[in-house]
Structures are given as structure tokens and as C-alpha cells.
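Subject: Structure for your review

Dear colleague,

Please find below the structure that I am handing over to you. I would be grateful if you would read the notes after it with the structure open.

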Amino acid sequence: MNIDTLSPQELAALIARANKRKKVLAKRKPAAQTKAAVAKLLKNAGWTFEELYGKSSGGGAAPKKPRKAAAKRSTGKVPPKYRNPANEKETWTGRGRPPRWLAGELAAGRKLEEFLIQK
């Protein structure tokens, strides 16, 4: 957030929000004190944090399980269907977006069938 671009009203509102948040944070007990209280409560109940919530990575939420990779369809190489008459090396299979050379020719009024490779 770039405060240099804020208007006086926006800046005053931001300061008010920051002061409000500061008061909320000041009321909270320190994290270490809260952790100790939770650990003591769990110990008295006969539990460990890991038994209840799984292994912790040092704080925050428990780590997510890795997702399985989605099975990708394996499509083989497709032979070209269309060729640029001005440059024989430029071809297109007919899949995906048309190449620039073909899009330009089609915009000029030519038909796609004119570029078919005759077998």
C-alpha cells in the first residue's frame, strides 16, 4: 500500500483502523504463554498435540496432504494439415490457435481450405 497517494480522509481512516487493530492485539496474551497453557491442558487430559491434530510443522495449521497428480491424456504427435504457400516450412496441425501467417491470410479473405496439404 502506497500511503503517499492517499487522500487526507483515506489516511485518517487508515490510522483509525490501525489504532483499532493495535488495541485488539494489545489485549491478546503472548503466543508463548498461550502455547504453554494449551500444552499444560492437553497434558492434564492425557493427550499430546500430535495425537489430536497430527504432526505440526512448527506453527500454524497442519500441513496439507499432497494432491495426486491428475492423469494427463497422452495425445500423440499430429501430422500437419495446413501449409503456408509462401514458406513451406510453416505448417499447422489444425489444433489450438491458428498461426499468425494463417490468421493474416484468413483476415485478407482467403479460405482455410486453400491451405490444406494435399496427400
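Predicted model: local features only at pLDDT ≥ 70, side-chain atom pairs only at ≥ 80, totals over all residues.

Salt bridges. Side chains of opposite charge can pair when their charged atoms come close. The structure contains three salt bridges. In one of them, Arg83 meets Glu88, with 3.6 Å from N to O. Arg83 is partly exposed, at a relative accessible area of 28%, and Glu88 is also partly exposed, at 49%. Arg110 pairs with Glu105, where the closest N and O atoms are 3.2 Å apart, and with Glu114, at 2.9 Å from N to O. The relative accessible area is 25% for Glu105, 32% for Arg110 and 45% for Glu114.

Aromatic rings. The count comes to three aromatic pairs. One of these is formed by Phe49 and Tyr53, whose ring centres lie 4.8 Å apart. Their planes are at 35 degrees, so the pair is tilted. Phe49 and Tyr53 are separated by about one helical turn because they stand four residues apart in helix H3. Phe49 is partly exposed, at 36%, whereas Tyr53 is exposed, at 53%.

Charged patch. Arg73, Lys81, Arg95 and Lys119 gather in a patch of positive charge on the surface. Arg95 belongs to the loop between strand S2 and helix H4, and Arg95 is exposed, with a relative accessible area of 51%.

Yours sincerely,
A colleague

How values were computed:
Residues numbered from 1 in each chain as written. Heavy atoms only, no water. Patch = residues over 30% accessible without salt bridge, like charges linked within 9 Å, V, L, I, M, F, W, Y side chains within 5 Å. Areas by Shrake-Rupley, 256 points an atom, 1.4 Å probe, with all protein chains shown as cover. Salt bridge = Lys/Arg side-chain N within 4 Å of Asp/Glu carboxyl O. Lys, Arg positive; Asp, Glu negative; His and termini not counted. Charge placed at Lys NZ, Arg CZ, Asp CG, Glu CD. Helix = DSSP H or I, 4+ residues; strand = E, 2+ residues; numbered from the N terminus. Buried < 20%, exposed > 50% of the residue type's maximum accessible area, 1.4 Å probe, protein only. Phe/Tyr/Trp six-rings, centres within 6.5 Å; stacked < 30°, edge-to-face > 60°.
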